[in-house]
Amino acid sequence: MATLSVSSLIFPAKSNCAKPLSSSTFHGVRIAHLCPTHRAVVSWSRAASPSYSSVVMMAKKEEELKEVREKSTEQINEEIVDLKGELFMLRLQRSARNEFKSSEFRRMRKRIARMLTVKRERELEEGINKRLSRKLDKKWRQSIVPRPPPSLKKLQEEEAAEEAKESSA
């Protein structure tokens, strides 16, 4: 195993600069071989931890895909609509500079993509080609009735409960 190191550039001060770039101390690229004991430590530290975490990540993805595949197409469509609403709410929170978890963006987008993938797999099993799939998808999008996402419903219910509590007290 070889490492690659580049030495730093040192330029003279701007005042009294007779040779602008020729006086730099850049010596190029140096390739150095690591000693065998150091190589073992480096390979262990790089190989041990990421491979373990990636195995766990794959297991979670597999479990999530199993959950999605167990659902009916109508349930998948409903959840896609809900997740897209949640994604919209996150965008609103970001634009209003409220507190939010930025990791939720990626998580929701990936979940939506998984559901759309399972939906397309089912279409392929039924023999629906790409063109017909796009037509069906367009009809489905037009048939969606706008509704608030679950997090907004929950927030509205909590506010209503607090108002009811204050009015009764």
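This is a predicted model: local features need pLDDT of at least 70, side-chain atom pairs count only at pLDDT 80 or more; totals for chains, interfaces and linings use all residues.
**Entry 1: salt bridge count**
I searched the whole structure for salt bridges and got 11. I then looked up several of them one by one.

**Entry 2: Arg-69 and Glu-121**
I found Arg-69 paired with Glu-121 in a salt bridge, with 3.0 Å between the closest N and O atoms. I checked where the partners sit: Arg-69 is in helix α1, which covers residues 36–70, and Glu-121 is in helix α3, residues 103–126, so the bridge ties together parts 52 residues apart in sequence. Arg-69 has a relative accessible area of 43% and is partly exposed. Glu-121 is partly exposed too, at 29% relative accessibility.

**Entry 3: Glu-78 and Arg-147**
Next I took the salt bridge between the side chains of Glu-78 and Arg-147, where the N to O distance is 2.9 Å. Which parts does this pair tie together? I placed Glu-78 in helix α2 (residues 73–95) and Arg-147 in the loop between α4 (130–143) and α5 (150–168), so the pair links parts that are 69 residues apart in sequence. For Glu-78 I noted a relative accessible area of 42%, which is partly exposed. Arg-147 is partly exposed as well, with 33%.

**Entry 4: Glu-123 and Arg-120**
I then turned to a pair within one helix. The side chains of Glu-123 and Arg-120 meet in a salt bridge at 3.3 Å, N to O. Both residues belong to helix α3 and are 3 residues apart, so about one helical turn separates them. Is Glu-123 buried or exposed? I noted 12% relative accessibility for Glu-123, and it counts as buried because the cut-off for that class is under 20%.

**Entry 5: a network**
I also looked for salt bridges with shared partners. Such bridges join Glu-64, Lys-71, Glu-79, Arg-111 and Arg-114 into one network.

**Entry 6: a negative patch**
I found a negative patch formed by Glu-157, Glu-158, Glu-159, Glu-162, Glu-163 and Glu-166. I looked up one of them, Glu-157, in detail. Glu-157 lies in helix α5. I recorded Glu-157 as exposed, its relative accessible area being 56%.

Methods. Residues are numbered from 1 along each chain as its sequence is written. Side-chain values use heavy atoms; hydrogens and water are left out. A salt bridge is a side-chain nitrogen of Lys or Arg within 4 Å of a carboxyl oxygen of Asp or Glu. Helices (H or I, at least four residues) and strands (E, at least two) are DSSP runs, numbered from the N terminus. Buried means under 20% relative accessible area, exposed over 50%, partly exposed in between (1.4 Å probe, protein chains only). Patches are made of residues with over 30% relative accessible area and no salt bridge: like charges are joined within 9 Å, nonpolar side chains (Val, Leu, Ile, Met, Phe, Trp, Tyr) within 5 Å. Accessible areas come from the Shrake-Rupley method with a 1.4 Å probe; for residues, only the protein chains shown count as cover. Lys and Arg count as positive and Asp and Glu as negative; His and the chain ends are not counted. The place of a charge is taken as NZ of Lys, CZ of Arg, CG of Asp or CD of Glu.
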